[in-house]
Amino acid sequence: DNSSEFIPKCRTCRRQAREQSGEGDHHEGLSSDEELTPTEVDEFQKSKDNVLEDSRKIFEDVHADFCDIRKILLKFQEWKEKFPDSYCDAYISFCLPKLLNPLIRVQLISWNPLEQNFTELEEMPWFRAIEEFSDAENISESK
């Protein structure tokens, strides 16, 4: 099979070309084929910035009570406490993931677990709000 011989030869040729040109910023194990040009990096950053800017506008016209996960969950908690039968009949525990999905996705747009200083999911406000709601729900069910 000639393809297995071709890969090491290409790598050797690229390494020799880098050594001759004096490029010292290459790290062994990284493919130069996958490296982005400065133009591509700029285009990606502009695109990313546009997406983040657009994501901030998604809930601009929504009342604060309906775009904050903690406030939404408090409304459901009140419903469960005041009208437990209708809450149970509505299968709210099955509906909440679909209801909260768009709100959580917007908050995760800029999250990148590959960055050095990323926030753990468990530390995010929406995660804590859901965790508190789940704990409160478990306590009320045990009563």
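Tyr87 is buried, with a relative accessible area of 6% (buried: under 20%; exposed: over 50%; partly exposed: in between; 1.4 Å probe, protein chains only). Trp79 is partly exposed, at a relative accessible area of 27%. The structure is a predicted model in which local features need pLDDT of at least 70 and side-chain atom pairs count only at pLDDT 80 or more, whereas totals for chains, interfaces and linings use all residues. Residues are numbered from 1 along each chain as its sequence is written, and side-chain values use heavy atoms, with hydrogens and water left out.

A search of the whole structure finds five aromatic pairs (Phe, Tyr and Trp rings, the six-membered ring for Trp, with centres within 6.5 Å; stacked under 30 degrees between planes, edge-to-face over 60, tilted for the rest). The ring centres of Trp79 and Tyr87 lie 5.6 Å apart with the planes at 85°, so this pair is edge-to-face. Tyr91 and Phe94 form a tilted pair, with 6.0 Å from centre to centre and 40° between the planes; both residues are exposed. One aromatic cluster consists of Phe76, Trp79 and Tyr87.

The protein contains six helices and zero strands (DSSP runs, H or I of at least four residues for helices and E of at least two for strands, numbered from the N terminus). Of its 143 residues, 15% count as buried. The mean pLDDT (the predictor's confidence in each residue, from 0 to 100) is 81, and 78% of the residues reach 70 or more.
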